Amino acid sequence: KGELRMQSLTFDDAGMYQCIAENMHGIIYANAELKIVASPPTFELNPMKKKILAAKGGRVIIECKPKAAPKPKFSWSKGTELLVNGSRIRIWDDGSLEIINVTKLDEGRYTCFAENNRGKANSTGVLEMTEATKITLAPLNVDVTVGENATMQCIASHDPTLDLTFIWSLNGFAIDFEKEHEHYERNVMV
């Protein structure tokens with residue numbers, strides 16, 4: 001196939017490589033440079049979020065994306081407790097931490113540790129729990145005659161520290177109240 005594969009690369013493998021293709025009609029050359037990248041983990045360009053919000057009873061993913069070559073191994077701690085995969089906690093291959101069925105006890109300081117053969121680094125963020133958003137009055141089915149108006153209500157409870165936005169959709173597509181103001185009208189009750 002004209003393919004060159006290399007495994008377990010070292011710095012000595014870096015350099016200019018040349019492929020030569022030849023047949024009875026002639027010869028042609030192509031060049032490519034191979035650079036070997038190696039660096040210890042660093043969070044300078046992509047630190048963990050300092051504040052992470054999670055809804056009570058929900059699911060949260062805390063990302064850990066340091067720059068590193070080769071790919072680092074990841075571990076996590078909450079405070080001084082080392083975290084391991086369990087029924088509610090999972091450390092993904094990309095370094096992200098997933099917590100499901102979030103409770104008040106999950107609040108605290110989370111630290112991601114990244115380590116490869118060039119070095120190690122860590123980054124920390126604080127997880128805070130918010131009350132889950134719940135629809136307390138859902139829209140009801142409405143039968144109307146063609147040409148009449150229909151009104152649908154939706155009321156929700158939410159954490160007072162967060163803003164709440166209602167999005168209405170028709171058959172899975174969000175309604176644009178700016179463009180369709182002649183047909184749809186939004187009434188917001190506080």
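Elements are DSSP runs, numbered from the N terminus: helices are H or I runs of at least four residues, strands are E runs of at least two. With that in hand, select Asn101, which sits in the loop between β10 and β11. Its phi is near 50 degrees, a positive value in a residue other than glycine. Asn101 is partly exposed, at 46% relative accessible area. Buried means under 20% relative accessible area, exposed over 50%, and partly exposed in between, with a 1.4 Å probe and protein chains only.

Two notes before moving on. This is a predicted model, where local features need pLDDT of at least 70 and side-chain atom pairs count only at pLDDT 80 or more, while totals for chains, interfaces and linings use all residues. Residues are numbered from 1 along each chain as its sequence is written, and side-chain values use heavy atoms, leaving out hydrogens and water.

**Stop: the domains**

Colour residues 40-130 as domain 1 and 132-189 as domain 2. These bounds come from an automatic or database domain assignment. The C-alpha centres of the two domains lie 36 Å apart.

Now select 41-128. An unreviewed UniProt entry annotates this span as "domain: Ig-like". UniProt positions are given in the numbering used here, feature names are shortened, and annotations may be inferred rather than shown by experiment. The span is 0% helix and 53% strand, and its end C-alpha atoms lie 27 Å apart.

**Stop: the nonpolar core**

A nonpolar core is a set of buried Ala, Val, Leu, Ile, Met, Phe, Trp, Tyr and Cys residues joined through side-chain atoms within 4.5 Å. The largest one here has 21 residues. Show Val60, Ile62, Trp76, Leu97, Ile99 and Tyr110, the residues with the most contacts inside this core. Elements giving two or more residues to the core include β5 (60-62), β7 (73-78) and β11 (108-116).

What does Ile62 contact beyond its neighbours within four places in sequence? Met48, Ile52, Trp76, Ser96, Leu97 and Tyr110. Contact means heavy atoms within 4.5 Å.

**Stop: the disulfide**

Select Cys64 and Cys112. A disulfide joins them, S to S 1.9 Å. The term covers a pair of cysteine sulfur atoms within 2.5 Å. The structure holds one disulfide. Cys64 lies in the loop between β5 and β6 (67-69), and Cys112 in strand β11, 48 residues apart. The link is left-handed, with -75 degrees about the S-S bond. Both cysteines are buried.

**Stop: two buried polar residues**

Go to Ser123 in strand β12. Ser123 counts as buried because its relative accessible area is 6%. A polar atom of its side chain lies 3.1 Å from the backbone nitrogen of Met48. Beyond residues up to four places away in sequence, Ser123 touches residues including Phe43, Tyr110 and Cys112.

Next, pick Glu98 in strand β10. At 11% relative accessibility, Glu98 is also buried. Its side chain makes a polar contact of 2.6 Å with the side chain of Arg59. A polar contact is a pair of N or O atoms within 3.5 Å; within protein, one must be able to donate a hydrogen and the other to accept it, and residues adjacent in sequence count only if both atoms are side-chain atoms.

**Stop: backbone details**

Select Ala69 and Pro70. The peptide bond between them is cis, with omega near 0 degrees. Pro70 is in the loop between β6 and β7.

Finish at Ser8, in the segment before β1 (15-23). Ser8 has a positive phi of about 50 degrees although it is not a glycine. Is Ser8 buried or exposed? Exposed, with a relative accessible area of 72%.
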